[in-house]
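Here is a short report on ring pairs and their surroundings. Look at the structure first, then read on.

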Amino acid sequence: MTYGHKSYPEGAMRHGQYTITAKDVQLRAAQFCQRHLRLQDHGPKCRASVLLTILFYAAARITSIAAACTALLKAPSDQAVRDALLATLPDLQELQRRLNRALAGDLPKALRQRRQPLAIDLVLIPYHGQPLHDADEVYRGQAKSGTSHFHAYATAYVIRKGRRFTLALTSVRKGERLEEVVKRLLRQAAKTGVKPLYVLLDRGFYSVGVIRYLQAARHSFLMAVVCRGRKAEHPQGPSGTRVFLTWKRSGWGRYTLTDAKKRRATVSICVKCRNYRGQWQRHGRQRLVYAYWGLQPSSYAWVHETYRSRFGIESSYRQLHQARIRTCTRNPLLRLLFVGLALILRNVWVWLHWEVLSHPRRGGRRIDLAQLPFRALLSWLRHLAEAVLGVREKIQAEHPLLT
């Protein structure tokens, strides 16, 4: 089976003469991962192909390596798989470089021909254990899922007419400045050949350091504002960015931030006012406050809709968790591998829809995600792993099953 438009005879795809099978997809994903991750054979039972099959199975079932090895009849033990991965994987920095090369491996050429909107965000995976080597391995944040400790990762994501590719992945350490994280992601995105038209960021990046870096690097940006200061009901009146929450109508403004080091950064402000109209069972006026720089918005609606496109990255995070291997390991190397593998599988899914399953038409190809939902692709990977390694259908019991 061949992939890409160049390998098809002219006009063949218009009539749907080709059939894509689960084996084709699995082979494509396995070859793609192996080309970049370069896993090695580790004994007769832990060959690279077997390791990838087990990893795909665990990702498809959203389960652990131990559960995957227990369910597959011919799979080696979970300890053997972990030993093989740790023996063949490089150090953390090199693994991160390989994962980033894999994420950028199949980007459409059209994404490199002109500047694209990029989105940057953090994903925090709750962690209830202790760090393995260094306390900085575990990130601290607002409590979620019963803990304020997380393994944190940041991604850069390109948004363009339904094409949502993850360009860059990096782990985030405790106490690391967010401007360094943003710089690292943008540099990695530049290596893929994709240049940012503007950068969309979550309110968590609203800080003097991030804004000063983006302004110094001449990157236009749009982000949500964190509202701080005295509230409207305070005797002295509102202050800080809470002033914008008192506006009755949409408008424009400017604001200067100051941090603890007395550094300052000035941004333009857009306040978008709208009625809830029963949304989230709420009524009255809603004020959405955005900070931007290097842009010339045409309207309040443009700012609101442009920032809303950032939520595509949160959709990718939802799909990341649909394919992230579960683990309680303390090893940050394996945790990074499992997150990176989920993002690679999602990129393969997006690539299939763009290059193979899309429908050519005047004005741009049409993409129908219902042809192959992401969960269906994962189901294919699961069934093929069961076909190759078999399914364990017997267990040992202390007592007979009476009928």
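Which residues does S268 touch, not counting residues up to four places away in sequence? They are G253, R254, Y290, A291 and Y292. Contact here means heavy atoms within 4.5 Å. S268 lies in strand β8 (residues 264-275). Strands (E, at least two residues) and helices (H or I, at least four) are DSSP runs, numbered from the N terminus.

This is a predicted model: local features need pLDDT of at least 70, side-chain atom pairs count only at pLDDT 80 or more, and totals for chains, interfaces and linings use all residues. Residues are numbered from 1 along each chain as its sequence is written, and side-chain values use heavy atoms, leaving out hydrogens and water.

Now the burial values. Buried means under 20% relative accessible area, exposed over 50%, and partly exposed in between (1.4 Å probe, protein chains only).

| Residue | Relative accessible area | Class |
|---|---|---|
| S268 | 15% | buried |
| Y198 | 12% | buried |
| W302 | 30% | partly exposed |

Next, the rings. The whole structure holds 9 aromatic pairs. Rings of Phe, Tyr and Trp (its six-membered ring) pair if their centres lie within 6.5 Å; planes under 30 degrees apart are stacked, over 60 edge-to-face, and the rest tilted. The ring centres of Y198 and W302 are 6.2 Å apart and their planes meet at 70°, so this pair is edge-to-face. Y198 lies in strand β5 (residues 196-201) and W302 in helix α9 (residues 300-308), so the pair ties together parts 104 residues apart in sequence.

F244, W247 and Y255 form one aromatic cluster.
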